[in-house]
Amino acid sequence: MTIPTPLLSGDREAFADAFAARIAALPHPPRLLGFGEPTHGEDEFGRLRNAVFAALVDRAGFTSIALESSVWHGRVVDAYVGGADGDEDEVMATGFTHDFGASAANRELVRWMRERNRHRAPADRLRFAGFDAPTEMAAAPSPREALRALHDFLREHEVGDLPKWDDIDRLLGPDDPWVEPAAAREPARSIGSQPRVHELRAITDDLRRILACEVPRDDLGEAPLAGRTAAGLLAYHSAMAKDTEHRWQRLSALRDEMMAENLRAIAERGRTLVFGHNLHLRTGVAEMPFGETVRTTLHWNPAGAHVAGPDYRVVATALGEAVHLDVPAPPADTVEGVLHDALPPGNHLFEASALRTLQEGLAVRKAPTYRYFPIDDTLLGQVDEVVFLHTIT
């Protein structure tokens with residue numbers, strides 16, 4: 001069996017520097033560069049991402065990074081790395097969702113960006129963003145905060161014919177029904193089927209159109225983000241209330257469509273490194289096993305499929321061995337196993353097409369934990385390159 005030659009190999013810093021130089025040398029460097037991970041919760045992927053981002057800033061003109069955390073909450077982090085006063089612990093606790101604020105690698109990223117921005121002109125500062133919807137898969141908050149921000153912005157700009165906030169607030173009502181924990185399993189408990197939610201969706205659509213039509217583009221600030229967030233949350237609540245066979249699939253698709261909307265807006269700031277799960281960044285249909293007792297497989301279009309095109313490039317990461325994650329050395333008849341046996345410790349970059357050829361005739365590695373998504377032929381057809389991390393200790 002012929003092992004493809006890695007495009008790049010090295011320890012974290014050497015790999016990052018060579019990777020950034022390679023991106024800078026492309027005839028058309030991407031506006032959005034996806035950098036995926038096969039599982040959440042392992043800081044080595046985050047530390048490799050940090051090194052890659054720093055090198056991309058220095059060598060390839062990147063000015064922004066987007067993480068798979070709530071876009072709405074990420075404004076706190078962006079302000080802080082831009083020099084705003086604040087307590088670092090509070091920023092990590094409130095500026096990240098999905099428990100990502102506990103990540104040491106994310107804290108290191110925030111510190112590095114804040115320090116680097118001290119030496120950059122305000123107009124050239126590095127930007128941070130979340131790109132995820134402000135939801136968990138099985139829960140979503142009230143759209144009140146985002147709707148209020150959008151309404152306040154339009155009122156301050158003296159836009160006419162606005163509905164009164166008191167009327168919107170009355171439709172929103174108390175927050176408890178919006179965050180009803182039983183709604184995930186019992187659609188009838190979701191607020192999303194109530195007539196007032198349909199009315200709020202219409203009002204939100206009107207406010208977004210007013211914003212687009214009556215406020216100059218260079219004076220929009222965070223108002224478009226507030227509009228996207230409110231509209232997305234209302235759509236998510238409506239979908240949660242539908243008791244259909246494909247309910248969870250629809251929720252997954254809605255979340256990724258919101259991610260894609262956010263990424264398009266973030267890309268307007270400049271070249272952006274996008275860090276999230278391989279599932280969200282791949283350019284074709286995503287698949288995920290789902291269910292505790294009756295197992296099924298969800299299929300949906302991920303964010304990467306929505307933003308795919310000449311301005312998007314995606315690199316997935318894969319893992320050989322990580323005992324502390326219950327990921328043992330891979331079987332020899334899998335792509336991970338062949339690479340693990342043939343390569344030295346370190347980080348190794350391959351063309352996805354080369355690994356797809358290698359994968360022919362090999363088995364797909366059985367996921368050692370429910371969180372780890374192994375290399376398979378489908379993934380290799382939906383990414384440009386793959387970074388193989390030999391061993392994480």
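Reader: What makes Arg 144, Leu 147, Arg 148 and His 151 in helix 6 contact residues of helix 7?

Author: In this predicted model they meet Trp 165, Ile 168, Asp 169 and Leu 172 in helix 7, contact meaning heavy atoms within 4.5 Å. By class, this contact has four nonpolar, one polar and three charged residues. Local features need pLDDT of at least 70, side-chain atom pairs count only at pLDDT 80 or more, and totals for chains, interfaces and linings use all residues. Residues are numbered from 1 along each chain as its sequence is written, and side-chain values use heavy atoms, with hydrogens and water left out.

Reader: Why is helix 6 called roughly antiparallel to helix 7?

Author: Helix 6 (residues 144–156) and helix 7 (residues 165–172) pack at about 170°, with axes 11 Å apart. Angles over 145 degrees count as roughly antiparallel, so helix 6 is placed in that class relative to helix 7.

Reader: What puts the buried residues on the same side of helix 8?

Author: Val 197, Leu 200, Ile 203, Thr 204, Leu 207, Ile 210 and Leu 211 are buried, that is, under 20% relative accessible area (1.4 Å probe, protein chains only). They cover an arc of only 135° around the axis, and therefore lie on the same side of helix 8. Their cover includes helix 6, helix 7 and helix 9 (223–240).

How values were computed
Axes are lines fitted to C-alpha atoms, for helices over the stretch in contact, and angles run from 0 to 180 degrees between N-to-C directions. Helices (H or I, at least four residues) and strands (E, at least two) are DSSP runs, numbered from the N terminus. Angles under 35 degrees count as roughly parallel, over 145 as roughly antiparallel, 65 to 115 as roughly perpendicular and the rest as oblique. Ala, Val, Leu, Ile, Met, Phe, Trp, Tyr, Cys and Pro count as nonpolar, Asp, Glu, Lys and Arg as charged, and the others, Gly among them, as polar. Buried means under 20% relative accessible area, exposed over 50%, partly exposed in between (1.4 Å probe, protein chains only). The arc is that of the directions from the helix axis to the C-beta atoms.
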